[in-house]
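Here's a quick tour of the model you have open. Keep the viewer handy and follow along.

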Amino acid sequence: TCTLCPAGNFSKSSGVAGCAACPAGSYSETLGAAECTTCPAGSHSTAVGASNSTTCTSCPEESHSQSSGVAECPCPAGSYWKKVGASTSTICTLCPAGSYSASSGVAECAACPAGSYSAAVGASNSATCTPCSAGSYSTASGASTSSTCTPCLAGSYSSESGASNSTTCTLCP
């Protein structure tokens with residue numbers, strides 16, 4: 001005997017042995033569905049096997065969801081998805097100083113590399129990472145101030161800007 005797929009599931013073909021759960025970004029409210037309904041543009045759902053449209057929640061204003069059926073709303077460049085407390089909700093959060101995100105929809109921002117720093121909040125490219133000046137270096141990645149740039153020791157120098165370790169410091173002749 002054939003059994004109808006329960007709500008939240010679907011089967012595209014007849015005669016198959018089982019039903020598949022509706023993927024994140026979709027739902028099925030009916031028994032025996034051949035396909036799932038996608039959440040409308042401007043909303044998202046992380047629920048797998050959702051059986052009603054209430055799992056589709058509005059994207060934050062700062063995100064760019066123009067597509068339907070998405071599991072997460074992409075945050076713009078210069079920001080990332082941040083979980084709120086122990087819940088499954090997320091918000092777009094600006095990248096902190098010392099980091100950047102060059103593309104939308106990232107889960108974390110990239111740190112400025114060692115030998116550089118950035119005081120910019122919400123940076124959308126690595127050009128905001130300022131190299132330590134010649135005569136100094138920094139081993140720290142994700143630095144937010146120039147104070148992480150350590151001067152070469154007295155009696156040594158370096159003509160290299162953006163140095164990431166003290167080996168660039170050479171003893172004076």
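## Ground rules

A disulfide here is a pair of cysteine sulfur atoms within 2.5 Å. This is a predicted model, where local features need pLDDT of at least 70, side-chain atom pairs count only at pLDDT 80 or more, and totals for chains, interfaces and linings use all residues. Residues are numbered from 1 along each chain as its sequence is written, and side-chain values use heavy atoms, with hydrogens and water left out.

## Overall build

How many helices and strands does the protein have? Zero helices and 16 strands, where both are DSSP runs numbered from the N terminus: helices are H or I with at least four residues, strands E with at least two. The C-alpha atoms fill a box of roughly 90 × 35 × 25 Å along the principal axes. The radius of gyration is 25 Å, whereas a compact globule of 173 residues would come in near 16 Å; the radius is taken over C-alpha atoms, and the globule rule is 2.2 Å times the number of residues to the power 0.38.

Buried residues account for 34% of the 173. Buried means under 20% relative accessible area, exposed over 50%, and partly exposed in between, using a 1.4 Å probe and protein chains only. Of the contacts (heavy atoms within 4.5 Å) with a separation of 6 or more, 43% are between residues 24 or more positions apart.

## Disulfides

A search of the whole structure turns up eight disulfides. One of them joins C5 and C19, with the sulfur atoms 2.0 Å apart. Its S-S torsion is about -95°, so this link is left-handed. C5 sits in the segment before β1 (9-10) and C19 in the loop between β1 and β2 (20-21), 14 residues apart. C5 is buried at 6% relative accessibility, while C19 is partly exposed at 37%.

Another disulfide ties C95 to C109, S to S 2.0 Å, and is left-handed with -85° about the S-S bond. C95 belongs to the loop between β8 (90-94) and β9, and C109 to the loop between β9 and β10 (110-111). C95 is buried at 0%, and C109 is buried at 18%.

Then there's C112 with C129, S to S 2.1 Å. The torsion about that S-S bond is about -75°, so the disulfide is left-handed. C112 lies in the loop between β10 and β11, C129 in the loop between β11 and β12, 17 residues apart. C112 is buried at 0%, and C129 is buried at 11%. C172, by contrast, is in no disulfide; the nearest cysteine sulfur, that of C152, is 9.1 Å away.

Is S99 buried or exposed? S99, in strand β9 (residues 99-100), is buried at 7% relative accessibility. A polar atom of the S99 side chain lies 2.7 Å from the backbone oxygen of P96. Beyond four places in sequence, S99 touches residues including C109 and C112.

S118, in the loop between β11 (116-117) and β12 (130-131), is buried at 2%. A polar atom of the S118 side chain is 3.2 Å from the backbone nitrogen of A120. Outside its four-place neighbourhood, the residues S118 touches include C112 and C129.

A140 is in the loop between β13 (136-137) and β14 (150-151) and is partly exposed at 31%. Setting aside neighbours within four places, A140 contacts P113, A114, G115 and S116.

Definitions and conventions. A polar contact is a pair of N or O atoms within 3.5 Å; within protein, one must be able to donate a hydrogen and the other to accept it, and residues adjacent in sequence count only if both atoms are side-chain atoms.
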